[in-house]
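Me: Could you walk me through this structure? I would like to begin with one residue and then widen the view.

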Amino acid sequence: MASLITCPHCGQRPKEEFTIKGDASLTRPAPDAGADVWYDYVYLRDNPRGHHKEYWHHSSGCRRWLIVERDTVTHTVHEVSDAALTKLGGRA
């Protein structure tokens, strides 16, 4: 059986309709931040184990950006929300 993601707009859909785009808990540096800050933001990423928030794009559906909270070990999805309507308060 295929893994299903519950899109807040389309309901349960197969995970193949989505594209994972990365860590949703990162804060973009200010435009005038130093080169070292931008280097860290662009190139240095954690590889978390456990509960984590990620940006997913429903590329074969409603084309909305979503925040998917899932366990990176078990791949269990805990929550899915519309990224445009979600205020992130830091790491999960």
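Me: Where does leucine 44 lie?

Reply: Leucine 44 is in the loop that runs between α1 (35-43) and β4 (51-57). Helices here are DSSP runs of H or I with at least four residues, strands are runs of E with at least two, and both are numbered from the N terminus. This is a predicted model, in which local features need pLDDT of at least 70 and side-chain atom pairs count only at pLDDT 80 or more, while totals for chains, interfaces and linings use all residues. Residues are numbered from 1 along each chain as its sequence is written, and side-chain values use heavy atoms, with hydrogens and water left out.

Me: Which residues form a nonpolar patch on the surface?

Reply: Tyr39, Val42, Tyr43 and Leu44 do, and together they have about 450 Å² of accessible area. Patch members have over 30% relative accessible area and no salt bridge; like charges are joined within 9 Å, and nonpolar side chains (Val, Leu, Ile, Met, Phe, Trp, Tyr) within 5 Å. A salt bridge is a side-chain nitrogen of Lys or Arg within 4 Å of a carboxyl oxygen of Asp or Glu. Areas come from the Shrake-Rupley method with a 1.4 Å probe, and for residues only the protein chains shown count as cover.

Me: Next, the fold. In what order do the elements run?

Reply: From the N terminus on, they run β-β-β-α-β-β-β, that is, 1 helix and 6 strands.

Me: And what is the strand order of the open sheet?

Reply: The order of its 4 strands is β3-β4-β5-β6, with antiparallel pairing; two strands pair if DSSP finds at least two bridges between them. β3 and β6 (77-82) are the edge strands with a single partner each, so one side of each has no neighbour in the sheet. The twist from one strand to the next averages 30°.

Me: How many bridges join β4 and β5?

Reply: β4 and β5 (residues 65-71) pair over 7 bridges in the antiparallel sense. Histidine 52 stands opposite arginine 70 in β5.

Me: Is histidine 58 buried or exposed?

Reply: Histidine 58 is in the loop between β4 and β5, and its relative accessibility of 0% makes it buried (under 20%; exposed is over 50%, partly exposed in between, with a 1.4 Å probe and protein chains only). Its C-alpha is 9.3 Å from that of glutamate 16, although the two are 42 residues apart in sequence.

Me: Finally, what is the mean pLDDT of the chain?

Reply: The mean is 90, and 91% of the residues reach 70 or more, on a confidence scale from 0 to 100.

Methods: pLDDT is the predictor's confidence in each residue, from 0 to 100. Axes are lines fitted to C-alpha atoms, for helices over the stretch in contact, and angles run from 0 to 180 degrees between N-to-C directions.
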